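Okay, thanks for coming, everyone. Let me put the structure up, and then we'll walk through it together.

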Amino acid sequence: MEYHLVWVLILVLLKTTTDVSGQVVVPSMNPLAVGSNVTLNLVPQSPINIGTWSYETTIIVLFYPNGSSVSTSYQGRVSFNRSSSELSISSLQLNDSGRYTVQGMEPVLCAVVTLSVREPISNVTLRANATDLVELNDTAIFTCSVSSGTSLSYRWLNDSSEVTASDRVRLGGGNSTLTIVSVTRYDEGPFRCEVINGISNGTSQPIGLNVSYGPSNLTMMVVPEMTIGHTAYKTGSDITLSCSAQSKPAESYKWRFNEAFLNEQSPKLSLQNTRQNQTGNYTCVAHNKVTLRYATMTTMIKIVEPISAVSLNRDGKPPILDQSFTLRCEVTGPVDYIHWLMNGQLISLNNRTFFSTGNKTLVINPIQFSDNGEYLCEAFNAVSNLASMTFKLVVNFGPERPAVTSPDIAMTGHIVTFNCSASSQPPSQFSWFFNGSQVATGSEYETGPLTLASHGEYTCVAFNNITGRNSTVSKMLIVVEPVTMTIVIALGSQPILNQTFSLTCETCGTVYSIHWMRNGWPLYANNRTDFSMNNNTLTFNSVQHSDNGDYQCSASNPLSNMTSRNYRLIVNYGPERPVIMSPDIAMTGYIVTFNCSASSQPLSQFSWFFNGSQVATGSVYETGPLTLASHGEYTCVAFNNITGRNSTVSKMLTVVVPVTMTIVKVIGAQPELNERFSLTCDTAGTVYSIQWMRNGWPLYANNRTDFSMNNNTLTFNSVQHSDNGDYQCSASNPLSNMTSPNYRLIVNYGPEMPVITGPALGETGHNLSFNCSASSQPLSQFSWFFNGSQVATGSVYETGPLTLASHGEYTCVAFNNITGRNSTVYKMLTVVEAIKSVMVKRNKIPISSDNLTLTCDVTGRYDTIYWMKDNLSLVLNNTLNSDITISNNSLHFSPVKVSNDGNYQCVATNLFGPHTSPNYKLLVNYGPLSVNISGPVSVVIGSVITATLKCSADSRPTSEYGWKFNNQSMLGTGPLMAVIASLENAGDYTCVAKNPVTNISMSKTISLDVTGHSPAPPFQSRVGLMLTALLALSLCL
């Protein structure tokens, strides 16, 4: 009846669990090794009231309310956890691989996982068909096998690099074989195969290939190398040819000369003291005896005699302009080609330059000046080049363009030198002729002292003895006498403005021309100035001031000239434009000086008159101390005794009294903002004008500022702050002025805009200060009121220690005793109760796995509390703090763990901010855990006297230790036990570790084996010795 019910439940379950709820099965490991265990977990965990676990189509376990049934074939190998629905299977075999399904009816779910059970890999072996191979000829085949293992995958390595398939590399047999077709030298390995099946792996021993190759990459080096520009070696050279190739095994060498083998079988061939008959092709032949391959390389070696001498000579007549000229290059030794150079540059063919066969002769036809220069020829062959000495080519020509340099005219008694020159190569020879008769030879001819008979034509003849040509040039010489005197003389009366005046130039000697100068500049005729026919007389028709200056005349001929000394012309005139220099106005008590001047030549004479009466003579008149009677007209009369003329000028003098006082005064009341206010300027003395200034700058009327008629009163219709400043008035006349001292205007106003600065919030027991200020002139006086009652005077009010009764409105009244005004401002103060202390307290000693509560004890009113750990805010939603909760002002650990160790603080806040407790250092007590005994497990009698056992345990605080022998009563306390090496002391030693705070005890037992022979003391002696040793160890500790 029971089995029928089971099958009914299974059928119902299978039919109703088609829906998948999103849960999955997660194995503890997959794949798995044969013989291992596995646990299949349902994620997320979910208890199933009715359901099954099955393998493929076989039911493993059926579970239902209050019971479960395991299939017979799985009994003893599986366990089922009802609370988590996990299934554990032990001793897995290969046939356990497959699909595992959990199905549930309460709740409805279905989840599947596939397990793979594999046999571990062992004994990975690698074999090769052959290891000695020839490059590009042979194929390498590797086979990888294992002694045991399932679900295998293979990986091939060449040294440390993974081998992958390519056109030459093939993988077969599920990658268990590796084939390399046409192996190369880079396939030598070593090769390994690596086998993996998810639960284990193994790597074979390496196999290396010995690949023979070559010879390849054959190279030949010739020493010495050919020099740049040369294609052969000089006779007598020592030449070494070296051959090398890549080959395995090493290659052998032979050498051929022009296809005939030489008696040389090394990689080097030496040619000593070479001759021309050793020119030819040299071939290196390399051979590999394993690969049976050959490689050859050939080079051409050419041996040539060097050039020993080169000379350059003229062929025929010298070079003459516009004629043909030839140069010949003569060479000793073999020649490949010849270069011609002019001034270091290669010569190229043109319509005047020709080369003969082989370039040995250079012909220039016709030769020109541009052909002048330094010529050389350079001969070349394959091993050498040599240049001739320089041949300097200078083209002969002329004479051309003869010229005589000498004066055209000369004075009697002088010696004249004639110089003749002509363009010619080589230089010309010269002959001199005077009026047709030869007088000298050479390029220079000197006459001797000249006379008038020396006048005439002088001829020079130039001759070139190479070209056979001559050329003639003539020069005319004129002989004259010198000028010896010039002087300027006045004709008639003195020069007077607007009258006629004449100057004459007297000379001595031959004069070709006369020139007149004024102030060093040439003088020319105009509508007032005339010159006589021969220029020796200068006449001014109406002499003017502009004619004043230094006059000279200059007489000259082509070879000499003379200039007269200066004649200074000064035109007499005047007096004109008389002027009096003096003040127009002066102060009483002062002395005035009058200066009179007039334009006149010569200077005028002066007379002075005051109000019609003569008072003085001379150009300067000084009055003496002035009085008001000194006022009047002063006249100056100027007279010229040459022109006989006079001229008069007058000047009016005004006498005044100086300004002696200015001061600014206030009219009426003190200045008050927006009120009328006036200033007046008091003066003493004659005042022409009054000016007002503010802060040193001129002051002008505007819509608020007025001046009285004579400017002595300044009125502000509505005085403002902007009118503040230093005021002055300045009184003046034409000769004096005075500025008053500063009057500082400060406009009284206010109080305005009163302000209270101070906190709006206070804590009981604390003092607060309020500051009151207002805009006012002069400064305000202040009174303080609290809730309508006066409490203080002055701008600062300090409350004293606050109480809750200090809450309320604080009023400041500002008063100006000049303006008679006051102004009021209010400030509301809120007083809250202060937080006096914050402390962290615990409910009991913290022991691991126990619950613990930390309480934040706050004295005073607070709004919120939060917790901190190690100076950071405590976060409760992470994995580390998942067992911590907060309720009201307490922090609960359920349970407390060692990971909760740290510095804890609580923070209480009110309107004034946070108040933080001192650190509470939480150290969680735990243990003992992991009790261990270290020391020998066997001793030999006689090798040691005592054996020391040491006990340790992980514990906070440190554990207390006790020892038992063969589970008898305590032998002693402390972590160390010293046991005397005797047969009676062999047995079980137990260490009991106890934590004095957690009251937890844990023990550990070790067996001590004692071998050897010794007389055994009585049991009481053994115990005594053990206790003595324990006491000694305790004292050492």
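So, where does Pro996 lie? Pro996 is in the loop that links β96 (987–994) and β97 (1001–1011). Strands here are DSSP runs of E, at least two residues long, and helices are runs of H or I of at least four, both numbered from the N terminus.

Quick housekeeping: this is a predicted model, where local features need pLDDT of at least 70 and side-chain atom pairs count only at pLDDT 80 or more, while totals for chains, interfaces and linings use all residues. Residues are numbered from 1 along each chain as its sequence is written, and side-chain values use heavy atoms, with hydrogens and water left out.

Back to our proline. Pro996 has 38% relative accessibility, so we call it partly exposed; that's the range between buried, under 20%, and exposed, over 50%, with a 1.4 Å probe and protein chains only. Who does Pro996 touch, leaving aside neighbours within four places in sequence? Pro957, Thr958 and Glu960, where contact means heavy atoms within 4.5 Å. Ser959 sits 37 residues away along the chain from Pro996, yet their C-alpha atoms are 6.9 Å apart.

Now zoom out. The chain has 2 helices and 97 strands. Its radius of gyration is 70 Å, well over the 31 Å from the globule rule for 1037 residues, so the chain is more spread out than a compact globule. That radius is taken over C-alpha atoms, and the rule is 2.2 Å times the number of residues to the power 0.38. Along the principal axes, the C-alpha trace spans about 180 × 140 × 80 Å. And of those 1037 residues, 40% are buried.
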